[in-house]
Amino acid sequence: MRPIKTLIIAISLSLPLISGQFVHANESSIYSNSATVQPIWAKHGMVSSQEALATHVGVDILKQGGNAVDAAVAVGFALAVTLPRAGNLGGGGFMLVHLAKEQRTLAIDYREVAPASAHKDIFLDENGDPVAKLSREHGLAVGVPGTVMGMELALKQYGTMTMSQVVAPAIELAKKGILVTPDLATSLAGLKRRIAQWPSSKAIFYQADGSNFAIGDTLFQPELAHSLSLISEQGSKGFYTGDTAEKIVAAITEAGGVMTLDDLAQYKVIERQPISGQYRGYQVVSMPPPSSGGIHIIEMLNMLEPYPIEKLGHNSADTLHLMAEVMKRAYSDRSEYLGDPGFVDVPVSQLISKTYANSRAKSISINRATPSSEIAPGKIAGYESPQTTHYSVVDKWGNAVANTYTLNFSYGSGLVAKGTGILLNNEMDDFSVKAGVPNGYGLIGGDANAVKGGKRPLSSMSPTIVMKAGKPFIVTGSPGGSRIINTTLQIIMNVIDHKLNIAEASYASRIHHQWLPDELRAEKSLNRDTINLLEAKGHKVKVKNAIGATQSIMVTEEGIFGASDPRRAGSETAGY
């Protein structure tokens with residue numbers, strides 16, 4: 001591990017040696033003169049993440065001989081320090097791992113679970129109405145975290161390095177401090193009300209006099225360094241039992257929650273079989289339930305496959321119309337059928353079958369938008385926070401990792417467990433607080449995603465690997481809450497249908513439709529004439545905030561190419 005100062009200098013200078021930006025720049029086989037955006041190139045391995053210091057931690061691990069899993073775990077712990085709004089120890093997520101030697105891809109589910117005593121009415125008042133604060137800024141909002149155990153399982157089963165080796169960079173960053181970037185300063189200032197209401201959080205993320213950190217100040221996190229040191233020495237036991245666990249439970253109890261030491265001690269990571277489908281000769285592998293992402297990415301691709309998307313054109317009105325139509329149908333299915341497979345029977349095989357897709361697409365007209373009121377979930381024989389984070393890793397042996405994890409809202413509940421430096425999630429808000437009532441993210445939920453003790457809330461997180469001839473071709477994923485699924489869909493289509501390089505695919509304008517509300521969200525960069533044509537077909541187009549923030553890698557015969565989405569400041573893709 002290089003000293004922190006060296007890392008900061010290297011990043012600030014954007015050294016060609018690290019980023020690979022200028023390597024072989026004149027070789028037409030690597031960089032196309034027709035491309036409007038050029039990706040990062042590397043020969044051996046690559047990391048693409050939402051925060052530059054964490055990216056270089058991962059690249060250093062690869063240079064030391066670690067594999068993609070070693071690097072991914074190191075990045076995960078580093079982001080807990082450098083990207084506190086989404087990187088975490090106190091949250092959970094999903095990891096997709098491809099093992100080149102075994103020619104096998106597996107899914108690691110380390111999603112949070114509801115405390116044992118949680119129940120479906122836990123967030124309702126005496127009149128049976130949802131109380132938003134209880135599921136967002138309260139002890140009841142905190143699900144049992146899975147990140148530490150998820151990282152440990154991945155490392156033990158599929159990594160080559162020790163926990164102390166991969167956690168060491170994060171400990172150093174927390175101890176010696178990180179420079180407050182414009183991105184970090186802005187987010188802390190903007191969310192001050194929610195974070196600073198907790199004295200334990202205010203003491204870390206704001207100056208001693210209560211003022212905001214300025215750009216260029218140093219943020220020290222000694223308590224987080226101590227918590228990381230316990231994990232380094234004891235593995236997950238240093239988090240789920242002992243001093244850290246006791247402090248987490250004490251903080252949650254004081255905030256009105258019901259989590260117990262037994263809830264932490266009983267937490268389990270689950271290895272699952274990924275969802276897999278075929279699209280135009282490529283294999284698309286993604287996360288199974290309790291993620292809804294994999295199922296619906298494949299469902300939408302299946303509906304789109306019969307259409308000549310390439311001929312219709314990239315981001316043309318006809319192409320975007322068809323995409324919006326399949327999005328509506330997939331998201332209506334999401335509301336009805338998706339939940340924790342340990343508690344509900346999710347009809348996976350039917351939802352991802354091409355026969356089912358054909359039946360769903362029959363009602364699509366090329367000239368007319370179908371009102372959402374006319375779309376019901378198919379017949380089978382809530383808003384999620386955009387403040388998730390995704391990163392992708394590829395190593396020189398052909399192994400690949402796509403990892404998406406989160407605290408849910410930016411900085412989660414805002415509550416730091418006193419004495420630990422660990423921000424706690426508010427993931428319980430991802431359950432359907434009340435059937436038929438939109439959650440904080442505008443998603444309608446049903447009984448399949450109702451709160452129950454020990455249950456995992458439904459998620460849109462969609463770490464995805466597209467395979468070409470049995471090898472990783474695209475490794476991608478995104479934050480964005482309910483918009484994750486459609487963002488990932490568009491990366492895949494941009495590369496496969498429209499032949500864009502991974503940077504062009506990442507930079508291109510995006511749309512999003514989630515069935516309800518019946519509106520087609522578009523980014524402001526989408527052409528006004530295109531919007532007019534979509535509106536002429538009956539779409540209610542709303543130009544809103546940017547959609548998603550992908551971190552993507554594409555593996556080719558010419559080398560490894562990557563791109564960090566420009567929609568989020570501070571991201572970086574780097575390789576060696």
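Visitor: Of the residues of the protein chain, how many count as buried?
Guide: Of the 576 residues, 65% count as buried. Keep in mind that this is a predicted model.

Visitor: What is the make-up of the chain in helices and strands?
Guide: The protein chain has 22 helices and 21 strands. Its radius of gyration is 22 Å, close to the 25 Å that the globule rule gives for 576 residues, so the chain is as compact as a globular protein of that length. Along the principal axes, the C-alpha atoms fill a box of roughly 65 × 60 × 45 Å.

Visitor: And the surface: what share belongs to carbon and sulfur atoms?
Guide: The share is 53%, out of an accessible surface of about 20300 Å².

Visitor: Now strand pairing. How do I read it?
Guide: Strands of a sheet pair through backbone hydrogen bonds, either parallel or antiparallel. Take strand E3 (residues 92-99) and E4 here: they pair in the antiparallel sense over seven bridges. Leu-99 stands opposite Arg-104 in E4.

Visitor: What lies between E3 and E4?
Guide: Four residues lie between them, and the two strands form a hairpin. Look at Gln-103 in the turn, which has a positive phi of about 50°.

Visitor: Which other strand is joined to E4?
Guide: Strand E7 (residues 270-272) is joined to E4 by three bridges, and the two run antiparallel. Asp-109 has Ile-270 in E7 as its bridge partner.

Visitor: Is E4 (residues 104-110) mostly covered or mostly open?
Guide: Mostly covered: six of the seven residues of E4 are buried. In general, side chains in a regular strand alternate between the two faces of the sheet.

Visitor: In what order do the strands of the open sheet with E16 stand?
Guide: The order is E16-E17-E18, three strands with mixed pairing. Strand E16 (511-512) and strand E18 (541-543) stand at the edges, each with a single partner strand, so one side of each is left without a neighbour in the sheet. E16 pairs with strand E17 (residues 520-522) in the antiparallel sense, over two bridges. There, Ile-511 has Ala-522 in E17 as its bridge partner.

Visitor: Last, a loop residue. Where is Ser-236 found?
Guide: Ser-236 sits in the loop between helix H11 (222-234) and helix H12 (237-240).

Visitor: Why does Ser-236 count as buried?
Guide: Because its relative accessibility is 8%, and buried means under 20%. Leaving aside neighbours within four places in sequence, Ser-236 is in contact with Val-148, Met-149 and Glu-152.

Note on methods: Residues numbered from 1 in each chain as written. Predicted model: local features only at pLDDT ≥ 70, side-chain atom pairs only at ≥ 80, totals over all residues. Heavy atoms only, no water. Rg over C-alpha atoms; globule rule 2.2 N^0.38 Å. Buried < 20%, exposed > 50% of the residue type's maximum accessible area, 1.4 Å probe, protein only. Areas by Shrake-Rupley, 256 points an atom, 1.4 Å probe, with all protein chains shown as cover. Pairing = 2+ DSSP bridges. Contact = heavy atoms within 4.5 Å.
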